[in-house]
Amino acid sequence: MQRFLSSIRRGMALSWVAPLAAGICSLPAHAADEGPTATSAAAGTASGGDTIEEIVVTARKRAERLVDVPVAVSEVTAQTLADVPSVSLTQIGNIVPGVSLERMGGGSSGAAFTIRGVGQLAQDYNTEQPVALNIDGVQVTKGGAAQIGFFDLQQMQVLKGPQALFFGKNSPAGVIAIDSVTPGQVREGYLRVGYEFSTSSPSLDAAITIPLTDTLSVRFAGHYSHDNAGDVRNVAGPIANPFEPSLPLPGAAYSEGPLNRDGAGRVTIAWRPTASFDATLKVLGSYHHDVTGATEEVFTCGANSHPSVVNLLNPTQVVQDPFGDCGVNHVISN
């Protein structure tokens, strides 16, 4: 009996962060200063001097305390998002219980989003997801949004259950609301450089806020990462096709994978002419490339020394893969 083991990226990673201006502050902003989706300052102190934080969310299209909102909301702060070493929506979704955001390869729907087990498994790329993405106030219901690079984030809110009243149709399973950082009136920024040894992957994240006037400010943010080595080695070689001799099997189309390459940039312009009016423009460009989505290897092949393929039309015809092995060593043959 064959079992499958998901390959887990293992390795050491180093990162270095440098502030671009004196007095740099962390990404979580005070709600009164930076907007309705931020984490507010301490609301008081508990015994022993511990700080009690007040979480502000926009689950009902207005800034409210989390304890006052009659909606099941999971909120992720900017600091937590900054600690996630990835711009992939899949990795970001892993930090929220009950949420699954999985990318799908080939010509499928691009991704499968589920909240509390409710989601869309259809393979049509144009299928709208029952879990909606709300990116900086823009509603997205197609799985292809999973390819967007998510970086320099201010807050992430997961609203569980139907949200048609405030977020419109096609959100019967819930909404994932993601807000990027909006510039304030303080010049600040950061530069983060990282390197993962297992995949030889350098990465670069940077952002800077520049106040132009007392009412106008702009923020530039970008991300780049590139895998120079993969998690999985593909050792498949060319062999004759035992089921169709006229169509020989060519062997591996790649030697290592997935060799991801990500690039993304965002420009944000914030204008606050009066206390009762503000306007924000955000322009995002994102690029993602990978050689393959293969993340599984066969192990424990039973009585066989190599993984086997069974002819479904003739179950007695079993062919072993001469290149594949049955060990847990991040080696595949396909």
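This is a predicted model: local features need pLDDT of at least 70, side-chain atom pairs count only at pLDDT 80 or more; totals for chains, interfaces and linings use all residues.
1. Arg 219 is found in strand 16 (residues 216-226); strands (E, at least two residues) and helices (H or I, at least four) are DSSP runs numbered from the N terminus. The residue is buried, with a relative accessible area of 1%. Here buried means under 20% relative accessible area, exposed over 50%, and partly exposed in between (1.4 Å probe, protein chains only). The side chain of Arg 219 makes a polar contact with the side chain of Asp 152 (2.9 Å) and another with the side chain of Glu 188 (2.9 Å). A polar contact is a pair of N or O atoms within 3.5 Å; within protein, one must be able to donate a hydrogen and the other to accept it, and residues adjacent in sequence count only if both atoms are side-chain atoms.

2. Residues are numbered from 1 along each chain as its sequence is written, and side-chain values use heavy atoms, with hydrogens and water left out.

3. Asp 152, a partner of Arg 219, lies in the loop between strand 11 and strand 12. Asp 152 is buried, at 7% relative accessible area, and has a positive phi of about 50° although it is not a glycine. Asp 136 likewise has a positive phi of about 50° without being a glycine. Asp 136 lies in the loop between strand 10 and strand 11 (138-142) and counts as partly exposed, at 28% relative accessibility.

4. The largest nonpolar core has 23 residues, of which Phe 113, Met 156 and Ile 176 touch the most other members. Such a core is a set of buried Ala, Val, Leu, Ile, Met, Phe, Trp, Tyr and Cys residues joined through side-chain atoms within 4.5 Å. Among the elements that each supply at least two residues of this core are helix 3 (89-93), strand 8 (111-115) and strand 12 (153-160). A second, separate core of eight residues includes Ile 55, Val 57, Val 69 and Leu 159.

5. The structure holds one disulfide, a pair of cysteine sulfur atoms within 2.5 Å. This link joins Cys 301 to Cys 326 (S to S 2.0 Å) and is left-handed, with -110° about the S-S bond. Cys 301 lies in the loop between strand 21 (296-299) and strand 22 (308-310), and Cys 326 in the loop between strand 23 (318-320) and strand 24, so the pair ties together parts that are 25 residues apart in sequence. Cys 301 is buried at 8%, whereas Cys 326 is partly exposed at 23% relative accessibility.

6. Two aromatic pairs are present. Rings of Phe, Tyr and Trp (its six-membered ring) pair if their centres lie within 6.5 Å; planes under 30 degrees apart count as stacked, over 60 as edge-to-face and the rest as tilted. The rings of Tyr 195 and Phe 197 have centres 5.2 Å apart and planes at 75°, so this pair is edge-to-face. Trp 271 and Phe 277 also form an edge-to-face pair, with ring centres 5.9 Å apart and planes at 80°.
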